[in-house]
Amino acid sequence: MRTDLDLTEVGQCPAGNHHGLGQQRTHGGKLGGRLGTHTLILPYRRHTAPARAAMLATVTRYRAFSLVAAVTALTVGGCAAGSVDTGSAGSGSLTSSSVPRLHVEVLGTSPHDPTSFTQGLEVSGAELLEGTGLLGRSHISARDLGTGVERVRVPLPDDVFGEGLTVAGDTVWQLTWRDHVAFARDRDTLAERARVTYDGEGWGLCAQANRLVMSNGSDTLTFRDPVTFQPVGSVAVTLDGKPVDRLNELECTPDGMVYANVWQTSDIVRIDPATGRVVAIVDASGLLTAEQEKGVDVLNGIAAVPGTDRFLITGKLYPFVFDVRFVS
Ligand SMILES: [Ca+2]
């Protein structure tokens, strides 16, 4: 149990990008270091009300998180309210007169752990891999596609916030949000084999034939070597010539396209990574009832089903995984 929270930097809205997020202090860049204020507060600000409640539940496990600190966190969280934090799941959407707007045909549903803060979703063989976030609750799991039975679940260190994942060969790469570390894991056991550091934030990840594609919350997709994880290029994503940022969970499909959840919307964009252009927008709103939406965060998590035109999609704290097709 950690008791050494540093609250001295709490109380101001940090300057920065549209998330209003400052740089996370990693205490010399070492994982497992002292838990910094930003580690708690800034992830908190990134998420909508239900997730914030979940995060507070996590945070209060730390004895030093006093009532004063909690109130301060709520205040700091409010800093972003006027910018992009709309406070509700699935609000906002992209518009375009030149790009097709597709819809979701639901073919089936299956249960999803409603405590899983989904950050990465991918089909590998006969299994569905999922990586989740939140401090103290991040994990990676593999479950049978047919039965839904979970075969293995590996927790991340308590002070690491998990993000997207993808399979490359016999390796599963799993990102972390602001810890600047990607975990290389054994595909079968999901056990950690190595760690590689990278610059900036980690959001979504998918694998093409000879490279990985990674998002960081901006409009930039970074291409990485699938073995070394080193960057080999990048592309800026645009819709009608304008940047599309907040690119989140990713999915690479055999036709060379990259699909991306757009954070804080129910839109999924289909991107041509050769040009960065969005070539279609999928409106995935309306999957949950109004009552079900009260308990969830945002849509996030997309996994193509190999050999079909179907995708599995879900969201953070969603009760279901939806088996869908994207249609006109
Ligand atoms: Ca995916």
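Student: How many bridges join strand 17 to strand 18?
Tutor: This is a predicted model, in which local features need pLDDT of at least 70, side-chain atom pairs count only at pLDDT 80 or more, and totals for chains, interfaces and linings use all residues. Residues are numbered from 1 along each chain as its sequence is written. Strands (E, at least two residues) and helices (H or I, at least four residues) are DSSP runs, numbered from the N terminus. Strand 17 covers residues 258-262 and runs antiparallel to strand 18, and the bridges joining them number 4.

Student: Which residue takes a positive phi in the hairpin of strand 17 and strand 18?
Tutor: Look between the two strands, where there are 4 residues. The positive phi there is near 70°, and the residue is Gln264.

Student: How many residues of strand 18 are buried?
Tutor: Buried means 20 or more other C-beta atoms within 10 Å of the residue's own; exposed means 12 or fewer, partly exposed lies in between, and C-beta atoms are placed from the backbone. Strand 18 spans residues 267-272 and is mostly covered. The buried count is 5 of its 6 residues.

Student: What is the bridge partner of Val269 in strand 19?
Tutor: Strand 19 covers residues 277-283 and pairs with strand 18 in the antiparallel sense over 6 bridges. Their hairpin has 4 residues between the strands, and Gly276 takes a positive phi near 85° there. In strand 19, the partner of Val269 is Ile281.

Student: Which residues have the most contacts inside the largest nonpolar core?
Tutor: A nonpolar core is a set of buried Ala, Val, Leu, Ile, Met, Phe, Trp, Tyr and Cys residues joined through C-beta atoms within 7 Å. Contact means that two C-beta atoms, placed from the backbone, lie within 7 Å. Leaving aside neighbours within four places in sequence, Ala260 is in contact with residues including Gly204, Ser215, Leu247 and Ile271. The largest core has 66 residues, and those with the most contacts inside it are Val258 and Ala260.

Student: Is His180 buried, partly exposed or exposed?
Tutor: His180 sits in the loop between strand 7 (171-176) and strand 8 (181-186). Its phi is positive, about 60°, although it is not a glycine. Because 19 other C-beta atoms lie within 10 Å, His180 is partly exposed.

Student: And Leu190, buried or exposed?
Tutor: Leu190 is in the loop between strand 8 and strand 9 (192-197). Leu190 is not a glycine, yet its phi is positive at about 65°. Because 21 other C-beta atoms lie within 10 Å, Leu190 is buried.

Student: How far apart in space are Arg137 and Phe161, C-alpha to C-alpha?
Tutor: Arg137 lies in the loop between strand 3 (127-132) and strand 4 (139-144). In sequence, Arg137 and Phe161 are 24 residues apart. In space, their C-alpha atoms are apart by 8.2 Å.

Student: Which residue is the bridge partner of Ile140 in strand 5?
Tutor: Strand 5 covers residues 150-155 and pairs with strand 4 in the antiparallel sense over 5 bridges. Their hairpin has 5 residues between the strands, with Gly148 at a positive phi near 80°. The partner of Ile140 is Val154.

Student: What percentage of the protein chain counts as buried?
Tutor: The chain has 4 helices and 22 strands. Of its 328 residues, the buried share is 44%.

Conventions: Pairing = 2+ DSSP bridges.
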